[in-house]
Amino acid sequence: GEPASEAVTCPGHVQEVSETCPPGEPASEAARRAREAALESLRYLHTGSQWVVVDRAFCHYLAKDERAMRWRKVFAARFLADESFVQTVLMHSPFASTNVNNNLRWIQWPQQFGDPTPYWEKLGWSFVGGPTVINATEAPSVFAGPFLVARKVDPLVDAEAVRLYDGWMGIKLKNGTSRVWLNGSLIEQEPLGGWALQQQWAQQQQQQQQQQQ
């Protein structure tokens, strides 16, 4: 028979299923049966940022577990798999309840403030489609926020901002302190993810400890 396929979508998820029609069976009926079977077994594909922060246990699951290996086959030829593979494996794994929807990265897009064309014309066309570039003036406020990394800095736009960024990251990598000296001023960085996220993490840790007891 002819292959029949159907895409099932909802906010944040997309599922595409296909099945070869048995001889004499309408394509629509085969698609319906394939859809029901796929939704039952695979449910939905999840999407998100390709920037993620994962712990060691989930990394091991992602690289070694047979269930994760099956998802690899699903995503092997899928467009933009980097924005859905990790999310989908996570949400269909025993680690789903540990998900925190925050990648700890600062980023700002020029289109958030209207037409980005004048901004990109000012910086140069090589920056078209990219985020705003952090300058030395705004760097202290960015680095004081609840972020692990920030994007982006560029030495061709503001070399001083790159120097400040290196200092910010260097101190954190060296001793894990949240206090950073920038231009002679001591900046107290917020907890990673912000206070609300810190509280959410604490509640998750408490729940996991209770489940293990």
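This is a predicted model: local features need pLDDT of at least 70, side-chain atom pairs count only at pLDDT 80 or more; totals for chains, interfaces and linings use all residues.
W71 is buried, as is F75. W71 and F75 lie four residues apart in helix α3, which spans residues 66-75, so about one helical turn separates them. An α-helix has 3.6 residues a turn, so residues three or four places apart point the same way.

The rings of F58 and Y61 form a stacked aromatic pair, with a centre-to-centre distance of 6.1 Å and an angle of 20° between the planes. For W71 and F75, the ring centres are 6.2 Å apart and the planes meet at 45°, so this pair is tilted. What separates the two descriptions is the angle: planes under 30 degrees apart count as stacked, and those over 60 count as edge-to-face, with the rest counted as tilted. In the whole structure, a search finds eight aromatic pairs. F58 and Y61 also belong to an aromatic cluster, which they form with F95.

In α2, the buried residues are F58, Y61 and L62. These residues cover an arc of only 95° around the axis, which places them on the same side of α2. The face of α2 turned away from this buried side carries the exposed residues R56, H60 and K64. The cover over the buried residues of α2 includes α3 and α4.

The axes of α2 and α3 come within 6 Å and cross at roughly 60°. The two helices are therefore oblique to each other. At their contact, Y61, L62, A63 and K64 of α2 meet E66, R67, A68, M69 and R72 of α3. Sorted by class, this contact has five nonpolar residues, four charged residues and no polar ones.

Is S84 buried or exposed? S84 is buried, because its relative accessible area is 6%, and residues under 20% count as buried. Apart from its neighbours within four places in sequence, S84 is in contact with H46, T47 and F75. H46 is in strand β3, and H46 is buried, with a relative accessible area of 16%. The C-alpha atoms of H46 and H92 are separated by 9.4 Å, although the two residues are 46 residues apart along the chain.

Another part of the chain brings the reader to L123, which is found in helix α5 (residues 117-123). L123 has a relative accessible area of 22%, so this residue is partly exposed. L123 is in contact with V133 and V157 once its neighbours within four places in sequence are left aside. L123 and L156 are 33 residues apart in sequence, and their C-alpha atoms are 9.5 Å apart in space.

One feature of the backbone also deserves attention. Which residues are joined by a cis peptide bond? The bond joins R151 and K152, and omega is about -5°. K152 is found in the loop between strand β5 (residues 149-150) and helix α7 (residues 159-175).

Finally, the chain may be viewed as a whole. The chain has eight helices and seven strands. Of its 213 residues, 32% are buried. Among contacts between residues at least 6 apart in sequence, 51% join residues at least 24 apart.

How values were computed
Residues are numbered from 1 along each chain as its sequence is written. Side-chain values use heavy atoms; hydrogens and water are left out. Rings of Phe, Tyr and Trp (its six-membered ring) pair if their centres lie within 6.5 Å; planes under 30 degrees apart count as stacked, over 60 as edge-to-face and the rest as tilted. Buried means under 20% relative accessible area, exposed over 50%, partly exposed in between (1.4 Å probe, protein chains only). Contact means heavy atoms within 4.5 Å. Axes are lines fitted to C-alpha atoms, for helices over the stretch in contact, and angles run from 0 to 180 degrees between N-to-C directions. Angles under 35 degrees count as roughly parallel, over 145 as roughly antiparallel, 65 to 115 as roughly perpendicular and the rest as oblique. Ala, Val, Leu, Ile, Met, Phe, Trp, Tyr, Cys and Pro count as nonpolar, Asp, Glu, Lys and Arg as charged, and the others, Gly among them, as polar. The arc is that of the directions from the helix axis to the C-beta atoms.
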